[in-house]
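This briefing walks through one protein chain, topic by topic. Please keep the sequence and the structure in view while reading.

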Amino acid sequence: GKKIMQAAADTLKPVTLELGGKSPVVVFADADMRNAVNGALNANFMCQGEVCSNGTRVLVENSIKDEFVGLLCEAAQRIRIGDPLQDRTTFGALISAQHRDKVL
């Protein structure tokens, strides 16, 4: 990133760096637990997890960890993998069978 910015600065080119990949979701004890769980699921599974701003890490305050994990597991069990054109589907197709096997 630094080298790219430096090279762009030498010629005054505007640059935007996307450094993504490890976007954290942080949940504190005063959070609305259902909203936090839904936010964590959306951050991780939006677009089947195939976005560079994917919430790959969920950091939860220790005092609420058990409650959060329990609710998250319940919500994850309701995810329906299938044809994205079907109303019942909440997690659609992945880019390839090889990637699907890696994710699942």
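**Briefing on the predicted model**

Ser23 belongs to a chain known here from a predicted model, and its place is in the loop that joins helix 1 (2-10) to strand 1. Although Ser23 and Ala43 stand 20 residues apart in sequence, their C-alpha atoms are 8.8 Å apart in space.

**Overall organisation**

- The protein chain contains four helices and two strands, and read from the N terminus on, these elements follow the order α-β-α-β-α-α.
- Of the 104 residues in the protein chain, 17% are buried.
- When contacts between residues at least 6 apart in sequence are considered, 60% of them join residues that are at least 24 apart.

**The loop between helix 1 and strand 1**

- Leu12, like Ser23, is placed in the loop between helix 1 and strand 1, and Leu12 has a positive phi of about 55° although it is not a glycine.
- Leu12 counts as exposed because its relative accessible area is 76%, which is over the 50% limit.

**The largest nonpolar core**

- The largest nonpolar core has eleven residues in all, namely Val25, Val27, Met33, Ala36, Val37, Ala40, Leu41, Ile64, Phe68, Leu71 and Ala75.
- At least two residues of this core are supplied by each of strand 1 (24-27), helix 2 (33-45) and helix 3 (65-77), and the largest share, five residues, comes from helix 2.
- Phe68, a member of this core, is in contact with Val27, Met33, Ala36, Val37, Ala40, Val58 and Val60 once its neighbours within four places in sequence are left aside.

- Val25 lies in strand 1 and counts as buried, because its relative accessibility of 15% is under the 20% limit.
- Leaving aside neighbours within four places in sequence, Val25 is in contact with Ala40, Ala43, Gly55, Arg57, Val58 and Leu59, and the C-alpha atoms of Val25 and Gly39, residues 14 apart in sequence, are 8.2 Å apart in space.
- Val27 is also placed in strand 1, and it counts as buried because its relative accessibility of 4% is under the 20% limit.
- Not counting residues up to four places away in sequence, Val27 touches Ala36, Leu59, Val60, Glu61, Ile64 and Phe68; for one of these partners, Val60, which is 33 residues apart from Val27 along the chain, the separation of the C-alpha atoms is 4.7 Å.

**How helix 2 meets helix 3**

- The axes of helix 2 and helix 3 are 10 Å apart, and the two helices pack at an angle of about 55°, which means that helix 2 is oblique to helix 3.
- The crossing in which helix 2 passes helix 3 is right-handed.
- On the side of helix 2, the residues that meet helix 3 are Met33, Arg34, Ala36, Val37, Ala40 and Leu41, and their counterparts in helix 3 are Glu67, Phe68, Leu71, Leu72, Ala75 and Ala76.
- Sorted by class, this contact of helix 2 with helix 3 has ten nonpolar residues and two charged residues, with no polar residues.

- With residues up to four places away in sequence not counted, Ile79 touches Leu41, Phe45, Thr90 and Phe91.
- Leu41, one of the partners of Ile79, is 38 residues apart from Ile79 in sequence, while the C-alpha atoms of the two are 9.7 Å apart in space.
- Leu41 is also listed in the largest nonpolar core and among the residues of helix 2 that meet helix 3.

How values were computed: Residues numbered from 1 in each chain as written. Predicted model: local features only at pLDDT ≥ 70, side-chain atom pairs only at ≥ 80, totals over all residues. Heavy atoms only, no water. Core = buried A, V, L, I, M, F, W, Y, C linked by side-chain atoms within 4.5 Å. Buried < 20%, exposed > 50% of the residue type's maximum accessible area, 1.4 Å probe, protein only. Contact = heavy atoms within 4.5 Å. Axes fitted to C-alpha atoms, helices over the stretch in contact; angles between N-to-C directions. Parallel < 35°, antiparallel > 145°, perpendicular 65-115°, else oblique. Left-handed = near helix turned anticlockwise from the far one by under 90°. Nonpolar A, V, L, I, M, F, W, Y, C, P; charged D, E, K, R; others polar.
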